[in-house]
Every structure is written in C-alpha cells, then in structure tokens.
Amino acid sequence: MNMRSTIAMAMMAACAAGCGDKPQTASAAKKADGKAWDMAQSNHVAEGWKAGDQASWEAQMRLRAQGQNEYSRSAAAVAVAPTKTP
Amino acid sequence: MARMKFLCDAERCIECNGCVTACKAEHDVPWGVNRRRVVTLNDGVPGEKSISVACMHCSDAPCMAVCPVDCFYRTDEGVVLHDKDICIGCGYCSYACPFGAPQFPTNGTFGLRGKMDKCTFCAGGPEVNGSDAEYEKYGRNRLAEGKLPACAEMCSTKALLGGDGDVVSDIFRNRVLLRGKGSEVWGWGTAYGKPSQGTKS
C-alpha cells in the first residue's frame, strides 16, 4: 500500500466518522413541561387513577406512599399501633 | 398536595446501596454518574450511620439561583428539574449545591465534561412525558406513570421515603413514636449490638 492510498483511506475514515452523529437542534427557549397527571405514554402506567385528573393522581400518590409505611401494611403492626397519633 | 420530598431514616439505612442500583438501572445512568449515593459517617466504627443522598429538590434551590443560562425549573409538585438542551455544562450548579447532586458525565475522546445530570425525582424532564427523547436524556418518568421514585419504593428497610412531604413526614413521625427509642430497637443496635458493647470488646 503506497502513501497516497494510505492518506486517502485515512481521509475517508475521518469523513465517515461524522456519519454516526445524530441530527441536533438547538433551542434557546425553555420548553414547558407536561403535567404528571396527564399520564405518560407508557406501557407501565400504574392502575387506579385517571389521566388528566389531578385529584385522582394526587390520591394515587398518597396511596402509593403508604406502600412505604409498613405500619399500614402489616396487620400485626396495626394491632400494636396506638389508636391516637399526634 | 405538598411538595415532593425525600426523607432518609439514618436508624434504618444499612448501606446496601440498593437505592443507588435501582436508580442506575431505572434510568440507564451512564458510568461515572451517580444520581444517588449512600454516605456513611464514622464508617467502620460501631454505631456508624448511613444516609442516602441525592438532589433534595430544595424549595429555594441554589442551583437554580446560580445557573447562568437559567435551565432549571420547578414543577407544580416542587420537583427541581432542568433542561439539558439549554444546559451548557459549566458546573456552577455543582459548586452551589450543598449535597453534590449535580453530576457531569466525562465521556468522549478528550474526557469532555458533558451536560449536567441529576436526580429528577423520577419525573423526567421537559420532553413529552414517557417519550423516548425524555428517557434518553433524563430517564423514566415514574411520576407520570402514577408511581413514586424507584429508590424509595424499593428500599428494603424503608429507610428512604419519597413522596408528598406531608405524607412521608407522617410515616416517619409515626415510626419514631412507635419504636420509641433509638438504634437499639431497629437498625445497627439490633444487628450488631449497642455501640457501647462494641467499644468494650
């Protein structure tokens, strides 16, 4: 392989390296974010709430948070828990 | 609804790093970036305490205050998010944040510092909720799926709580009242004995 073909191949490789770039667009303006209660386009949405209904979503969040409260999940724990909380 | 908040119970955290792993897996967080990490005080000393730390979604966020291109915004639920299309990766936010939440991927041929990445409270970013573009830049949007952050929901000891600030603080308050004592009831003391026993032996 002579010097000329080596240089030509190196140049072709350099040019081809740019082909993997994805098109990018720059926008200086800040985009408005969608509301969480509008529901994501996903196959993994939890059941029990309605899209677009803020009250329903908030109720879902409160219910979901109780999944972190073992005192509300365990019957034994509830039995020993005091009835009056501050 | 109150603001979305994280709350970590140092009496329960066992430094398993499950929250860190869950976050990385849920959002495909790149190498070198940890949106969440577990910090241990007095590591190796009997009575050590661990706490899981990420973006605290501050009410008066210093990162928002110092950002020169104003890429941050706050959602109606009080989650502090940013727009990666506006971020210039300058790093001011990382100097301003008292928790070290802003992270910068350093990949590329010359180890260039990329755009800032941080915990999103699993709320994605300004792209369309649940879209591929949002996932690629910010990860999953669990809030828009009716779920809470993965780190808190999968915490094995429920040390890390996440959600409506009023609700998680009620859970924590009730827990503290019921256990009535410190680590001798739940946590280090149960697993390894009282700190005083450790120092004697």
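Reader: Leaving aside its neighbours within four places in sequence, which residues is Lys137(B) in contact with, and what makes two residues count as being in contact?

Author: Lys137(B) is in contact with Lys84(B), Gly125(B) and Glu127(B) once those neighbours are set aside. The word contact is used because the C-beta atoms of the two residues, placed from the backbone, lie within 7 Å. This is a predicted model, in which local features need a pLDDT of at least 70 and side-chain atom pairs count only at pLDDT 80 or more, while totals for chains, interfaces and linings use all residues. Residues are numbered from 1 along each chain as its sequence is written, and chains are lettered from A and ligands numbered from 1 in the order in which they are written.

Reader: Where is Lys137(B) found, and why is it called buried, exposed or partly exposed?

Author: Lys137(B) is found in helix α4 (residues 132–138) of chain B, where a helix is a DSSP run of H or I with at least four residues, a strand is a run of E with at least two, and both are numbered from the N terminus. A residue is buried if 20 or more other C-beta atoms lie within 10 Å of its own, exposed if 12 or fewer do, and partly exposed in between. Lys137(B) has 18 other C-beta atoms within 10 Å, and it is therefore partly exposed.

Reader: How do you know how confident the predictor is in chain B and in the complex?

Author: For each residue there is the pLDDT, the predictor's confidence on a range from 0 to 100. Chain B averages 88, and 87% of its residues score at least 70. Among the elements of chain B, strand β5 (residues 80–82) has the highest mean, 97, whereas helix α8 (residues 195–200) has the lowest, 54. For the complex, the predictor gives an ipTM of 0.83 and a pTM of 0.79.

Reader: What makes up the side of chain A that touches chain B, and how many residues of each chain are in contact?

Author: There are 31 residues of chain A in contact with 33 residues of chain B. On the side of chain A, α2 (54–65) and α3 (70–73) each supply at least two residues, and α2(A) gives the most, with seven. By class this side has 12 nonpolar, 11 polar and eight charged residues, where Ala, Val, Leu, Ile, Met, Phe, Trp, Tyr, Cys and Pro count as nonpolar, Asp, Glu, Lys and Arg as charged, and the others, Gly among them, as polar.

Reader: Why is α1(A) said to lie largely in the open, and what span does this helix reach?

Author: Of the 15 residues of α1(A), the number buried is zero, so the helix lies largely in the open. Helix α1 (residues 3–17) of chain A reaches 21 Å from its first C-alpha to its last, close to the 21 Å expected, the expected span being 1.5 Å times one less than the number of residues. Over chain A, buried residues make up 15% of the 86 residues.

Reader: Which residues of α1(B) are buried, and why are they said to line one face?

Author: The buried residues in α1(B) are Cys19(B), Cys23(B), Lys24(B) and His27(B). Seen down the helix axis, they fall within an arc of 130 degrees, so they line one face of the helix; the arc is that of the directions from the helix axis to the C-beta atoms. Among the elements that cover them are β3 (49–53), α5 and β6 of chain B.

Reader: What makes a set of residues a nonpolar core, and which residues have the most contacts inside the largest one?

Author: A nonpolar core is a set of buried Ala, Val, Leu, Ile, Met, Phe, Trp, Tyr and Cys residues joined through C-beta atoms within 7 Å. The largest has 45 residues, and those with the most contacts inside it are Phe121(B), Ala123(B), Cys151(B), Ala152(B) and Leu160(B). Elements that each supply at least two of its residues include α2 of chain A and, from chain B, β1 (4–8), α1 (18–27) and α6 (165–179). Not counting residues up to four places away in sequence, Leu160(B) touches several residues, including Phe6(B), Cys19(B) and Cys151(B).

Reader: Why is Asp28(B) called exposed, and why is Glu15(B) called partly exposed?

Author: Asp28(B) has 10 other C-beta atoms within 10 Å, and it is therefore exposed, whereas Glu15(B), with 15 C-beta neighbours inside 10 Å, counts as partly exposed. Asp28(B) lies in the loop between α1 and β2 (37–41) of chain B, and Glu15(B) lies in the loop between β1 and α1 of chain B. Neither is a glycine, yet phi is positive at about 50 degrees for Asp28(B) and at about 60 degrees for Glu15(B).
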